[in-house]
Amino acid sequence: MAQRTHFYYDSESCEFIPVEHNRYDFVIYTTALWILNGLILGSAGLSILSHYVGTPAELALKSENQVLHEQFQQTRYSLEKLESEITAISEKDNEMYRSVLGLDSAPKLDEFGIGGSDPYSEFDIYSEETSELLRWTAGKLDNLERQVNIQRVSFDEIQTYYNNNREHLRHLPAIKPINSAILSGFGMRLHPVLRYNRMHEGVDFRADISTPVYATGDGTVKMSGRRGSYGQLIVLDHGNGYETRYAHLSRFEDGIRPGTDVSRGDLIGYTGNTGMTRGPHLHYEVRIDGKAMDPLNFLISDTTPEEYQMYQDIAKSNPMSMD
């Protein structure tokens with residue numbers, strides 16, 4: 001760009017005289033002018049940026065809050081999963097242990113009232129979204145603590161009952177009769193030979209021929225011999241109306257005859273393929289006063305809640321029985 005020429009008026013000579021610039025002064029002047037303009041524009045830009053976007057400290061805080069919010073959401077998911085697992089344990093407690101032992105069901109969390117003022121009002125000072133998240137998290141943690149305490153009291157009660165009734169509980173059919181997987185469960189099932197649905201009054205365990213079979217509780221041999229579609233059958237009387245049946249056996253252990261006393265874990269026979277079946281396995285039943293019960297609910301001495309759930313899933317997934 002061509003440099004502009006400036007003039008000044010000389011009154012003595014009555015004429016305009018060009019102003020002569022010192023190049024060094026001109027450069028300093030121009031540079032200072034640009035720096036000043038840059039500072040002004042930069043300050044204006046920072047002011048606008050901080051107003052609409054935020055200062056560096058505010059931006060860092062927003063980023064930190066975003067991370068914390070995401071972590072809270074992950075914690076929320078974990079708490080929901082934990083609550084589901086505790087609820088499942090409570091249901092198994094009532095279904096497996098307390099029911100079999102004849103104890104009343106453990107109280108549920110909603111049976112306990114929670115009164116008083118709002119315990120989470122301290123969170124109202126935050127934004128609506130943050131307050132809701134903090135309230136939910138605090139409430140869920142309190143509920144989980146109460147559920148754990150209820151379950152702890154329930155297990156203590158079960159342990160006390162067991163300690164006071166050990167002799168009676170020795171007769172309870174409380175272990176698996178065979179160390180094997182379950183093929184089919186209790187309930188309506190398609191019969192593999194008759195080809196129609198009928199009540200399957202026990203559970204079927206996978207087994208090759210001559211796999212050892214054990215008594216699931218103390219008792220007396222009520223019957224050992226062949227009985228119709230059961231094939232070779234052992235019936236144990238455990239007292240108090242409890243009876244177990246072990247069907248489709250290939251043979252009995254020596255000395256197993258009516259009147260023989262057995263203890264839990266004693267070897268009583270060997271699996272087979274006798275009677276009306278579609279292959280070798282063990283059919284196992286539990287009866288109370290003659291009524292068939294789901295044997296899975298009695299596997300309380302050597303089965304964890306996780307194993308119990310796995311057995312239930314397997315039993316429900318197979319619509320056909322082995323006998």
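This is a predicted model: local features need pLDDT of at least 70, side-chain atom pairs count only at pLDDT 80 or more; totals for chains, interfaces and linings use all residues.
Reader: Let me start with Lys222: is it buried or exposed?

Author: The general idea is a cut-off on relative accessible area: buried means under 20%, exposed over 50%, and partly exposed in between (1.4 Å probe, protein chains only). With a relative accessible area of 52%, Lys222 is exposed. Residues are numbered from 1 along each chain as its sequence is written, and side-chain values use heavy atoms, with hydrogens and water left out.

Reader: Which residue forms a salt bridge with Lys222?

Author: Side chains of opposite charge can pair when their charged atoms come close. The criterion for a salt bridge is a side-chain nitrogen of Lys or Arg within 4 Å of a carboxyl oxygen of Asp or Glu. Lys222 pairs in this way with Glu243, the closest N and O atoms being 2.9 Å apart. That pair links distant parts of the chain, with Lys222 in strand 8 and Glu243 in strand 10, 21 residues apart. Strands (E, at least two residues) and helices (H or I, at least four) are DSSP runs, numbered from the N terminus. Glu243 counts as buried, at 11% relative accessibility.

Reader: How many salt bridges does the structure hold?

Author: There are five. One of them joins the side chains of Arg287 and Glu201, at 2.5 Å from N to O. Arg287 lies in strand 13 and Glu201 in the loop between strand 5 (197-200) and strand 6 (203-206), so this pair ties together parts that are 86 residues apart in sequence. Arg287 is buried at 9% relative accessibility, whereas Glu201 is partly exposed at 30%. Another salt bridge brings together Glu243 and Arg245, at 3.1 Å.

Reader: How do strand 8 and strand 9 pair?

Author: Two strands pair if DSSP finds at least two bridges between them. Strand 8 (residues 219-227) and strand 9 run antiparallel over seven bridges. They form a hairpin with three residues between them, and Gly228 in the turn has a positive phi of about 45°. Strand 9 (residues 231-239) also pairs with strand 10, in the antiparallel sense over six bridges. There, Ile234 has Tyr246 of strand 10 as its bridge partner. Seven of the nine residues in strand 9 are buried.

Reader: How many aromatic pairs does a search of the whole structure find?

Author: A pair of aromatic rings is described by the distance of the centres and the angle of the planes. Rings of Phe, Tyr and Trp (its six-membered ring) pair if their centres lie within 6.5 Å; planes under 30 degrees apart are stacked, over 60 edge-to-face, and the rest tilted. The search finds two such pairs. Tyr242 and Phe298 are edge-to-face, with 6.2 Å between centres and 80° between planes. Tyr242 lies in strand 10 (residues 242-252) and Phe298 in the loop between strand 14 (291-293) and helix 5 (305-317), so the pair ties together parts 56 residues apart in sequence. In the other, the rings of Tyr246 and Tyr284 are tilted, because their planes are at 45°, with centres 5.4 Å apart. This pair links Tyr246 in strand 10 to Tyr284 in strand 13 (residues 281-288), 38 residues apart. Tyr246 is buried at 0%, and Tyr284 counts as buried at 0% as well.
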